[in-house]
Structure formats: C-alpha cells, structure tokens
Amino acid sequence: NLFSFLSWAQVFGGGRSDGRAGCRVGILARKNTGHITMALAVDASRFEGVPMAPPDPILGVSEAFKADTSDLKLNLGVGAYRTEELQPAVLNVVKKAEKLMLEKGENKEYLPIEGFAAFNKATADLLLGADNPVIKQGRVATLQSLSGTGSLRLAAAFIQRYFPDAKVLISSPTWGNHKNIFNDARVPWSEYRYYDPKTVGLDFEGMIADIQAAPEGSFVLLHGCAHNPTGIDPTPEQWEKLADVIEEKKHMPFFDVAYQVNGFRVGFY
Ligand SMILES: Cc1ncc(COP(=O)(O)O)c(C=O)c1O
C-alpha cells in the first residue's frame, strides 16, 4: 500500500544526510505478530511532483447526501437502485444467478485473455439479436473487460494506438467521465449538440449537423439507451437517419450501453 509505504519511507528512508535523493532497502520487524515486512524505501521527494487528484464530483454528491439530515432527501447522484428504505437493492435476477453459481461450485481459474466466452456470447446476442446474420457470419468480436469505465478506457487506448489521427465525438452533455477517459488516453474529442433546453428534448438537427461536420472517419460515441444525464434517446427513425450520416461520413459509431440490461429507464425489477 503506497501510503503505508510512504510513511515508512519518511520515517526510515527520508533521504540522505546530504539532502540528495537516496534509495535503500530496509527491514521492518513488527514486534507483536512476529511478521517481517520488507520494503524498498525510496526518498519520498520523488513523489512530490504527483498532485492530489481532485475529489470525484459524483461520489461527492453521495457524501453530501449521507451528511444531509432532511427526511425529504433524494440522491440523484449515483445511478443505482435503492429500496424504499434507501438501502442498496440487489436485483432478484442477480441474487438468483449468484445462488446458481454457488451451487455449481464454479472455480476461480484465470479467464482467457478475451474474457469469459459464455458472457461474451450472451452480450453479443443481447445487443445485436441472437439471430443477427453478422453473428452467424462470424463478423463479431467481443471482449470482456472490467466495467463500463474499463471498457471505455480500453476503447480509448485502442483508438489512440491504431487511429492516432482520429477524433472522438461525444454528446453535449454526457456522462462526466467520458471526457476524463479520453483525456487520459490522449484521444482528442469534441462535442456534438444533443440536449435542447428550449424543448427539454433532443436537438436532432444540431446533432446531425455536428456529426456531419466532423472530420471523416471520426469515432461517434453514442449512448445505447437511457442517455446519461438527460434520459433522452433518439426515436427509431432518428437512429436510422443517424446511421445513414455516420455511414456517409465513414465515421465509426460506438455505443456506451450503461443502462440497457438493467432496464433502468423502464424501471424493470
Ligand atoms: C453512460 C455511462 N457510461 C459508463 C458508466 C460507468 O460504468 P461502470 O460503473 O460499470 O464503470 C456509467 C456509470 O455511471 C454511465 O452512466
């Protein structure tokens, strides 16, 4: 753990007496347990250039919510199910799956590098439709990664490595971390119009115009369903039109599907 390591480094390894950076190996014996901990102590000043990350604004709302004593409080920060008593709610289907897995006594071996095959297949079937010809023709590649954030980070790294000149288009507004993820991966992005405050609806004309105006071959990030944060989605006809424009411009659509499966938008439980 970096922090215990740092405090240890400060006490035992805090630099050489001439004030220049030092590096040494020390052995620290814990008296009570008899365990021995060995650590490489590097002068703590080497970490001085690492700034403290800013607090996460979304999780900050959860903290403020906990601290608030009002009976009427509602937490609109994190998109997760809660019971009437405001406790985390685990979906019945998840409980059932966990029970089944326990009964089957699954092992904990490493998965293949592309992930758990049954999960990948179920994902493609769910998103594209099991009888979609592209699946039958073997034209679908599916990789499992850690969470939505991890998948987006992987996609960003892929774009940065193989399409270094391409830009990503994201909706305005969008889930806050989209910008952070592409910034961290050094992928340039710009926004397309999405929300129209006048109609409290989709600015479809603006969206199409911005996607049309983007450099050919851009990556267009779309929310599969239940757009975060507006909750506004294109109609089936608008999706058709979007597909035409994206194809014309040789753009690459890619979908962040955060809320399809749990039916967040329709409240399926
Ligand atoms: C649109 C969108 N994408 C990605 C994520 C992150 O997903 P995960 O929590 O699985 O990393 C969220 C979660 O809030 C989201 O709303």
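Close-up 1. Axes are lines fitted to C-alpha atoms, for helices over the stretch in contact, and angles run from 0 to 180 degrees between N-to-C directions. Helices (H or I, at least four residues) and strands (E, at least two) are DSSP runs, numbered from the N terminus. This is a predicted model: local features need pLDDT of at least 70, side-chain atom pairs count only at pLDDT 80 or more, and totals for chains, interfaces and linings use all residues. Residues are numbered from 1 along each chain as its sequence is written.

Close-up 2. Strands pair if DSSP finds at least two bridges between them. Strand 7 (residues 219-223) runs parallel to strand 8, and five bridges join the two. Val-220 has Pro-253 in strand 8 as its bridge partner.

**Close-up 3. Helix 8 against helix 9.** The axes of helix 8 and helix 9 (residues 236-248) come within 10 Å and cross at roughly 15°. The two helices are therefore roughly parallel to each other. Angles under 35 degrees count as roughly parallel, over 145 as roughly antiparallel, 65 to 115 as roughly perpendicular and the rest as oblique. The crossing of helix 8 with helix 9 is right-handed. A crossing is right-handed if the near helix is turned clockwise from the far one by less than a right angle, and left-handed if anticlockwise. Helix 8 contributes Phe-204, Ile-208, Ile-211 and Gln-212 to the contact, and helix 9 contributes Gln-238, Lys-241, Val-245 and Ile-246. Contact requires C-beta atoms, placed from the backbone, within 7 Å. By class, the contact of helix 8 with helix 9 has five nonpolar, two polar and one charged residues. Ala, Val, Leu, Ile, Met, Phe, Trp, Tyr, Cys and Pro count as nonpolar, Asp, Glu, Lys and Arg as charged, and the others, Gly among them, as polar.

**Close-up 4. Helix 6 against helix 7.** Helix 6 (residues 147-162) and helix 7 (residues 177-184) have axes that come within 9 Å and cross at roughly 40°. Helix 6 and helix 7 are therefore oblique to each other. Helix 6 passes helix 7 in a right-handed crossing. On helix 6, the contact residues are Thr-149, Leu-152, Arg-153 and Ala-156. They meet Asn-177, Ile-181 and Phe-182 of helix 7. This contact of helix 6 with helix 7 divides into four nonpolar, two polar and one charged residues.

**Close-up 5. Backbone details in the loops.** The peptide bond from Ser-172 to Pro-173 is cis, with omega near 5°. Pro-173 sits in the loop between strand 3 and helix 7. Asn-228 and Pro-229 are also joined by a cis peptide bond, with omega about 15°. Pro-229 belongs to the loop between strand 7 and helix 9. Arg-186, a residue other than glycine, has a positive phi near 60°. Arg-186 lies in the loop between helix 7 and strand 4.

How values were computed. Contact = placed C-beta atoms within 7 Å.
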